[in-house]
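User: Please walk me through how to read a few features of this model, starting with accessibility. I would like the general idea and then the case at hand.

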Amino acid sequence: MAPALLILLGATVILRADSLSDKKSLLLPPTNFTIKVTGLSQVLLRWESNPDQEPVNIELGYHVRINAPQEEDYETRNTESKRVTVLHKGFSASVQTVPWNGQPLPPSRWVSAELKAPPGSPGTSIVNLTCTTNTTVNNHTPLRPYQVSLHCSWLAGKDAPEDTQYFLYYRYGSWTEECQEYRRDTLNRNTACWFPKTFISSRGSEALAVHANGSSKHAPIKPFDQLFALHAIDRINPPVNVTAEIEGTCLSIQWEKPVSAFPIHCFEYEVKIYNTRKNYFQTEKLMTNAFISIIDDISKYSVQVRATVSSMCRQMGFWSEWSQPIYVGSDDQKPSTEWFLIVLMAAICFILLIFSFICKTGHLWTRLFPPVPAPKSSIQDFFVIVSSEKTVSTETEIEVISYVEDPGFETLEDSVF
């Protein structure tokens, strides 16, 4: 009996130890998980580690999952995370505790938080929002030699009342600005905005957040926001100081980099050469700001250059507009050598024509070049002889007959006999 009791007591101790060990190895979910809007299209996710978490001999981290508006997963060891995203559709996320160093421990359960979509009537928010940036020279602030302008346009929602008025904001980094220069449609609703100066850096990598809300006496206007990558909306300026000259058969083209905060090595170029006489285009891509082409020297050429920021400095974007065309060469007159040949051939033809006319009028041609006699033929001579004999015989016969029938002869004969 005693041995059985000892065995049972030992098993109970072992099971209790295993239970305590499993409890210590169980990962608990974070607590106090919140989502807070900290700016236009920007939220802060914050949580705390579970205070009831038993000490474990491993490092802990957190797995964050964005559920809406777009799914996204990432891991972090921090207890807060800042995200840039659109918020007019609402936002929700979840977080769980995970072993950071890859230990084979199951993660904790998920805890979630949510931001509701802002109120507003469907179909009243702006649509077809487009924005572009452009860099200009800043002559007023030496520390910032370039400044970036922003232009946005949109259309009113299909169900927006006629008295709806929209208002636009942008955020870049920690800077937020409201538009002051609007353009309106026929119903006097704001449909475009112009920021001549902004805090946007054309060389930056942060997303540009644009937010538009509105007001109306007849319906609550639903807000709208959108994120833009700067490389996708930046309108590069065309190259400046484009020059071209022709030396013989060489067309030499040079230019300077566009007005931009990017250095000269960040640009790619395209050169377009148009032969106006042959209606022929030649396009070349270059990494330098000079180009030499072999051409014919009897044509007029139009030269244009455009630029884009290369992938060495940022993600590829749009090409700039073509520079204003410059014209070199001329197709109004022929070169001197070709003119000399044309005049020479015309002179030779004129001299030959005059010489032929003189020869014809003065029979000089026959004297200078008499006809060569043809060789005699025996058959032809035979017919000539026969014809001559026949002619002589006929003439003789006629003469004899005329003599016999002469009346004077008959009178003489009668007188004699």
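User: Is Cys313 buried, partly exposed or exposed?

Analyst: The classes rest on relative accessible area: buried is under 20%, exposed is over 50%, and partly exposed is in between, with a 1.4 Å probe and protein chains only. Cys313 has a relative accessible area of 26%, so Cys313 is partly exposed. This is a predicted model, so local features need pLDDT of at least 70 and side-chain atom pairs count only at pLDDT 80 or more, while totals for chains, interfaces and linings use all residues. Residues are numbered from 1 along each chain as its sequence is written, and side-chain values use heavy atoms, with hydrogens and water left out.

User: Which cysteine forms a disulfide with Cys313?

Analyst: A disulfide is a covalent bond between the sulfur atoms of two cysteines. Cys313 is bonded to Cys266, with the sulfur atoms 1.9 Å apart. The angle about this S-S bond is -80 degrees, and the link of Cys266 and Cys313 is left-handed. The two cysteines are 47 residues apart and link distant parts of the chain: Cys266 is in the loop between β17 (250-256) and β18 (267-275), Cys313 in the loop between β21 (300-309) and β22 (326-329). Strands here are DSSP runs of E with at least two residues, helices are H or I runs of at least four, and both are numbered from the N terminus. Cys266 has 2% relative accessibility and therefore counts as buried.

User: How many disulfides does the whole structure contain?

Analyst: The search finds 3. Another of them joins Cys131 to Cys152, S to S 2.1 Å. Its torsion about the S-S bond is about 115 degrees, so the link of Cys131 and Cys152 is right-handed. This pair also connects distant parts of the chain, 21 residues apart: Cys131 sits in strand β8 (residues 127-137) and Cys152 in strand β9 (residues 146-155). Cys131 is buried at 5% relative accessibility, and Cys152 is buried at 0%.

User: Where in the chain do Cys179 and Cys193 lie?

Analyst: Cys179 and Cys193 form a disulfide with sulfur atoms 1.9 Å apart. The torsion about their S-S bond is about 115 degrees, so this disulfide is right-handed. Cys179 lies in the loop between β11 (175-178) and β12 (182-184) and Cys193 in strand β13 (residues 190-195), so the bond ties together parts 14 residues apart in sequence. Both Cys179 and Cys193 are buried. With the bonded cysteines of the protein chain numbered in sequence order, the pairing reads 1-2, 3-4, 5-6.

User: Which residues of β17 are on the covered face?

Analyst: Leu251, Ile253 and Trp255 form the covered face of β17, and Cys250, Ser252, Gln254 and Glu256 the uncovered one. Cys250 counts as partly exposed because its relative accessibility is 30%.

User: How many bridges join β16 and β17?

Analyst: Two strands are taken to pair if DSSP finds at least two bridges between them. Strand β16 (residues 240-247) and β17 are antiparallel, with 6 bridges. In this pairing, Ala244 stands opposite Ile253 of β17. The hairpin of β16 and β17 has 2 residues between the strands, and Gly248 there takes a positive phi near 65 degrees. β17 also runs antiparallel to strand β20 (residues 290-294), over 5 bridges. Phe291 of β20 stands opposite Ile253.

User: How many aromatic pairs are there?

Analyst: A pair of aromatic rings is described by the distance of the centres and the angle of the planes. The cut-off for rings of Phe, Tyr and Trp (its six-membered ring) is centres within 6.5 Å; planes under 30 degrees apart are stacked, over 60 edge-to-face, and the rest tilted. The whole structure has 7 such pairs. One of them, Trp47 with Tyr62, is edge-to-face at 5.7 Å centre to centre and 65 degrees between the planes. Its partners are 15 residues apart, Trp47 in strand β2 (residues 42-48) and Tyr62 in strand β3 (residues 60-68). Trp47 is buried at 1% relative accessibility, and Tyr62 is buried at 7%. Ring pairs join Phe33, Trp47 and Tyr62 into a cluster.

User: Which ring does the charged end of Arg235 sit over?

Analyst: The test is that NZ of Lys or CZ of Arg lies within 6 Å of the ring centre and within 35 degrees of the ring normal. The charged end of Arg235 sits over the ring of Phe318, 4.4 Å from its centre. Lys272 lies over the face of Trp322, 4.5 Å from the ring centre.

Technical notes: Disulfide = S-S within 2.5 Å.
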